[in-house]
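Please consult the sequence and structure shown here while reading.

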Amino acid sequence: MRPVGFRQDVILFGRTRTRTNATDLPKQAREHVTKLEGPQGGPKADELAKVLSQIKMILQGTPEAEPSPEQIYQLITGMIEEDVLYLLAANLHRLPFESRKDTQRPQVLVELCKAYDHKESATPAGTVLREVLKNETAAAVILYDDGDEIGSSARGVGGINQDRPQTGNGVFWKFFGWIDKSSFEVAADAFTTFRELLTKHKDIVPKYLAVNFDLFFSRYNSVLVQSNSYVTKRQSIKLLGEILLDRSNYNVMTAYVDRGEHLKICMNLLRDDRKMVQYEGFHVFKVFVANPHKSVPVQKILLMNREKLLHFLSHFLEDRTDDEQFIDEREFLIKQIRNMPSQPVQPHR
């Protein structure tokens, strides 16, 4: 087991003996952190450290008492309203050493994500969350949250095990439900955060997708790509194309386009009765056809449907007469399918 080499300079909290009203702590934290730069910076840093310790106690509980969900909700709501996470991240270099460690615990990030459970808190929480998730360590906290499992970020950022497949019970996997089952406003914000997580961090996401390939794409295809929501379906197909065509995800892309069942899903998208779903599906379909090392299952499906595909593609989205790139790509795919050998051949990689 090799601890992941993330920078540990982000979000969460500290040490305590006394209990304070959860609604007051975010205001106190904001007041102290905004004065760190001035002449009272030293004393304010000490006072801030005490507040962060109290925040940690609310989040983690004590040996005598379990944490209170109501207090945690009040605390997170207050931190969003007071913009505390952003201020802590921006002033991290001014915090005492212990406080810097205390602002790196995963609970706050996880609770921020869970704000998508409530329509009232989703948008403000999402705005703060995306700002914080610009940091790779923060992204790792969400991706590798897996409860009490060994290697989960919940046990500490330094103990993350990138090589252990996820169980699917961590907070990242809740995004599929938030995107597919929530109100339009919540779903839209959750999808924006989900997309940021999967596209911004090229050093950790490709390996994450590779290790959790089956679990991730099983849920992605069944929940998002085949969603009953038009907006979710269209956005998810477009994001799938972006993921597959990103150079950093090359190994993930080759694994994805090897699967015949993935091609079948994609071919059904081409026949959707909504043109924008067809268009986004086309950009995934072209990855299968343009692959010079098609797997035997993919070759069999294309050859079995060759004549139908050639006829279908020759009239596909004919009204996009001004889209020269699309027209060129469509003609390229027709040529590729027409020129395939009559029988499947073993690919050479």
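The model is predicted. By this criterion Arg130 is buried, because its relative accessible area is 19%. Asp189 is likewise classed as buried, with a relative accessibility of 9%.

These two side chains form a salt bridge, with an N to O distance of 2.8 Å. The partners belong to distant parts of the chain: Arg130 lies in helix 7 (residues 119-132) and Asp189 in helix 10 (residues 184-199), 59 residues apart.

## Overall make-up

The chain contains 19 helices and zero strands. Of its 349 residues, 52% are buried.

Among contacts with a separation of 6 or more, 71% are made by residues 24 or more positions apart.

## Further salt bridges

The whole structure holds 18 salt bridges. One of them joins Asp180 to Lys181, with the closest N and O atoms 3.5 Å apart. Lys181 counts as exposed, because its relative accessibility is 68%.

Another salt bridge pairs the side chains of Lys275 and Asp319 at 2.9 Å, N to O. Asp319 is partly exposed, with a relative accessible area of 47%. Elsewhere, salt bridges with shared partners connect Asp214, Arg259 and Glu261 in one network.

## Packing of helix 12 and helix 14

The packing of two helices is described by the angle and the distance between their axes. For helix 12 (residues 213-225) and helix 14 (residues 250-257), the axes come within 12 Å and cross at roughly 65°. The crossing of helix 12 with helix 14 is right-handed.

Which residues meet where these helices touch? Helix 12 contributes Phe213, Phe217 and Asn221, and helix 14 contributes Val252, Ala255 and Tyr256. By class, this contact comprises five nonpolar residues, one polar residue and no charged residues.

Notes
Residues numbered from 1 in each chain as written. Predicted model: local features only at pLDDT ≥ 70, side-chain atom pairs only at ≥ 80, totals over all residues. Heavy atoms only, no water. Helix = DSSP H or I, 4+ residues; strand = E, 2+ residues; numbered from the N terminus. Buried < 20%, exposed > 50% of the residue type's maximum accessible area, 1.4 Å probe, protein only. Contact = heavy atoms within 4.5 Å. Salt bridge = Lys/Arg side-chain N within 4 Å of Asp/Glu carboxyl O. Axes fitted to C-alpha atoms, helices over the stretch in contact; angles between N-to-C directions. Left-handed = near helix turned anticlockwise from the far one by under 90°. Nonpolar A, V, L, I, M, F, W, Y, C, P; charged D, E, K, R; others polar.
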